[in-house]
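Subject: Structure handover

Hi,

Here is the structure I promised to pass on. Have a look at it first, and then read on for what turned up.

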Amino acid sequence: AARVMEEDVLARRRRILGEDHPDTILAVANLAVTLRSQGDYAAARVMEEDVLARRRRILGEDHPDTIRAAANLAATLRGQGDQLASRALLDDTLARYRRVLGDDHPETIRARTALADLNER
C-alpha cells in the first residue's frame, strides 16, 4: 500500500511541481527507500542515483540533503552486495557529515554506525 501511495504522490508532484522541485525529489527518495525495504534494490538504486545527482546539481556536494542521499544509495549498494562501492560512499558520507554537521550530530553517528557495521562484515 505504501508503494502505491508513494507512486501516486510522485506522479502528482512531477506533474504539478516539476522534476527538480525539492518536494518531487523527496518523493523519489521516499519511494526508493520503500522499494529497498521491499527488496527491490535495482529500482531503488536507479532512483537513488537520480536523487543524488539532482541534489548534487541543485544543492551542492555538502548540503545535508545531498549527503543523506549518498547514505541512502550506500545502503542500497550494500543490499545489492556491492560492499566496496557502499564502503567508498559511506567513507565520503561520514567525512562530509563530520565537516558539515559535526561529530555528535545524529546523522554523523548514523553514518559512523553504518560504516562500522559494514566493516565488521
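I'll start with the largest pocket, whose lining splits by class into seven nonpolar, two polar and four charged residues. Before you go further, bear in mind that this is a predicted model. The pocket has a volume of about 240 Å³. Its lining runs to 13 residues, and those nearest the centre are A71, A75, L90, R110 and A114. Helices α4, α5 and α6 each put at least two residues into that lining, with α4 giving the largest share, six residues.

There is also a cavity to look at. The count came to one cavity of 30 Å³ or more, and the largest cavity has a volume of about 40 Å³. Around it sit L52, R56, E61, T66, I67, A70, D92, T93 and R96. The elements giving two or more residues to this lining are α3, α4 and α5. By class, the cavity lining comes to three nonpolar, two polar and four charged residues. If you are setting up the charged groups, that may be a place to look.

Next, the nonpolar core. The largest one holds 25 residues, and the members that touch the most others are L10, M47, V51 and L89. Two or more residues come from each of α2 (22-37), α3 (41-59), α4 (64-79), α5 and α6 (106-120). Helix α2 provides the largest share of this core, seven residues. As for L10, leaving out residues up to four places away in sequence, its contacts are T24, A27, V28, L31 and M47.

That brings me to α2 itself. The buried residues in α2 are T24, I25, A27, V28, A29, L31, A32, T34, L35 and R36. As a reminder for reading that list, an α-helix has 3.6 residues a turn, so residues three or four places apart point the same way. The cover over the buried residues of α2 includes α1 (2-17), α3 and α4. After the helix comes G39, which has a positive phi, near 90°.

P22 also belongs to α2. Is P22 buried or exposed? Its relative accessibility is 51%, and since exposed means over 50%, P22 counts as exposed. P22 and R54 are 32 residues apart along the chain, yet their C-alpha atoms are separated by 9.5 Å.

Which side of the cut-off does S86 fall on, buried or exposed? With a relative accessibility of 1%, and buried meaning under 20%, S86 counts as buried. Setting aside neighbours within four places in sequence, S86 is in contact with A74, L77, R78 and L118.

That's everything from my side.

Cheers

How values were computed:
Residues are numbered from 1 along each chain as its sequence is written. This is a predicted model: local features need pLDDT of at least 70, side-chain atom pairs count only at pLDDT 80 or more; totals for chains, interfaces and linings use all residues. Side-chain values use heavy atoms; hydrogens and water are left out. Buried means under 20% relative accessible area, exposed over 50%, partly exposed in between (1.4 Å probe, protein chains only). Contact means heavy atoms within 4.5 Å. A nonpolar core is a set of buried Ala, Val, Leu, Ile, Met, Phe, Trp, Tyr and Cys residues joined through side-chain atoms within 4.5 Å. Helices (H or I, at least four residues) and strands (E, at least two) are DSSP runs, numbered from the N terminus. On a 1 Å grid over the protein atoms alone, a cavity is a set of points where a 1.4 Å probe fits but cannot get out, and a pocket is an open set with protein on both sides within 12 Å along at least five of seven lines; lining residues have an atom within 4 Å of a point. Grid points are joined across faces, edges and corners, and a volume is the space filled by probe spheres set on the points. Ala, Val, Leu, Ile, Met, Phe, Trp, Tyr, Cys and Pro count as nonpolar, Asp, Glu, Lys and Arg as charged, and the others, Gly among them, as polar.
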